[in-house]
Amino acid sequence: MLPQKPQKPVWRRPPRLQIRAPDIGSKDGTQGEALRNTRQEETPLRTVISWRGAVIEPEQGTEHPSKKAAGVPTPSLPAARTQKEPASPNRRQKGVIEAFLHAWKGYRKFSWGHDELKPVSRTFSEWFGLGLTLVDALDTMWLLGLKKEFKEARTWVSTKLNFEKDVDVNLFESTIRILGGLLSTYHLSGDSLFLRKAEDFGNRLMPAFATPSKIPYSDVNIGTGVAHPPRWTSDSTVAEVTSIQLEFRELSRLTGNKKFQEAVENVTRHIHSLSGKKDGLVPMFINTHSGLFTHLGVFTLGARADSYYEYLLKQWIQGGKTETQLLEDYLVAIEGIKAHLLRRSEPGKLVFVGELAHGRFSAKMDHLVCFLPGTLALGVHHGLPTEHMELALALMETCYQMNHQMETGLSPEIAHFNTFSRPDLKDVIVKPADRHNLLRPETVESLFYLYRVTGDRKYQDWGWEILQSFNKYTRVRSGGYSSINNVQSTQKPEPRDKMESFFLGETLKYLYLLFSDDPDLLSLDHYVFNTEAHPLPIWSPV
Ligand code: DMJ
């Protein structure tokens, strides 16, 4: 036999992962404890944590909250803000800027200061009454270099964005879009207005945590301070209560007030120790009175559970890779996904993530699950096992096909996969109730990470294809883009008359970043994106 050539790594930068025996602790989980103790007693020069023999080094970043939180609330984060002057946009990035300006034109003209544009009827819809699209889009404008638009929006924030309002907001949605948007805009622009607004808003969300279990209610009135669960239940959604941590932790670091961080980390700790998981997979609901999971036995990576997994990894990155428990929960969950939720479709053998309900597998995958290839690739970039990259590559192909195989080139909200070898059936099956597209970001979000990590230009090409499809089937002539009812009809895609705020906050931002060839533009080594694509700084290790 000829000696085998060493395989070239596919990705651009080799992950910082060394396969060697860990220096301290054991493999059985006791190492985490050892590290936590070290952290309290002394400040090690370098913290190293391990997973099955993989030794992972913490990142250099910005200051850790445990240092800051005791100090004066006047943060100065030059390191986090510094980014070299972006290169002038290339042809594809100009395409994104053009799309953004078209969307903004509609918003500005027909829904200025309101939550969402209804581009067909040329009016607006209100959800929280807090200028949601404008706030969600602030950092995208900054990134795209739209100074005039940014300035005008800033004036609105300064003069019109008032949180002293008798209005119920959803804790999760308002945290990721408003609090996240204000914090990242503060970091990028250095303008303290955004931090003041973020602190005011964060304070108004805090009553949500005053529940018997300290698992927050889903809704809170930011004017009266009354929090409550939805009318029909006292449950909260697991993804919602576990995907507000990046933002609240960062708010504590910036303001010096520990209460935000304590409230959300309490939730993380509680969920870590709860029973009812299946190999790291979590149920979709948790009761705010008992603090226990409810509706046991149903597992999905889609709606109501998705960003639980995303935030395990991202908090670990945010904290400078020192919080071992988060990493361990993430790694166990990925093994759980592999063991219980992965299958291949027929005839194309696409790897997909299905769902499990009381032991029964369903070949159903929400488009929301398409965050996963990107998250896996992000983990590999930060030193996690290279097998994760193989799964990321396969799932990325599937998510692309969920778009590409549709007549409009846009993914349905939910896809079913065929697992039978029958010549009359295709891989991706769409049910009539699921064939809408809400301008969601997950496919292009993952394309961005896959391109950053592998350098393979096909991901840019796929993203460009998707942008063309948005332009062809969702663009409204008078301004704005609209979600559509039918991704399988080029003749009648049927606009639903709504432009979601995440189209500007996330979809167009990830497309712009995907088309950039500059890995330092919001570098993955310095920033971690919240689940609404708002970049927050990575802290330095303690
Ligand atoms: C966004 O608000 C966030 O990405 C969230 O995590 C999931 N739903 C939308 C986009 O699809």
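This is a predicted model: local features need pLDDT of at least 70, side-chain atom pairs count only at pLDDT 80 or more; totals for chains, interfaces and linings use all residues.
Residues are numbered from 1 along each chain as its sequence is written, and side-chain values use heavy atoms, with hydrogens and water left out.

**Exercise 1.** Check the span of helix 6 (residues 147-160) and work out which of its residues are buried.

- Step 1: Helices (H or I, at least four residues) and strands (E, at least two) are DSSP runs, numbered from the N terminus.
- Step 2: The expected span is 1.5 Å times one less than the number of residues.
- Step 3: Buried means under 20% relative accessible area and exposed over 50% (1.4 Å probe, protein chains only). Glu149, Phe150, Ala153, Trp156 and Val157 are the buried ones in helix 6.
- Step 4: On the other side of helix 6, look for Lys147, Lys148, Lys151 and Thr159, which are exposed.

**Exercise 2.** Work out the strand order of the open sheet and find its edges.

- Step 1: Two strands pair if DSSP finds at least two bridges between them. The 3 strands run in the order 6-7-8, with antiparallel pairing.
- Step 2: Strand 6 (168-170) and strand 8 (227-228) each have a single partner strand, so they stand at the edges.
- Step 3: Strand 6 and strand 7 (residues 219-221) share 3 bridges.
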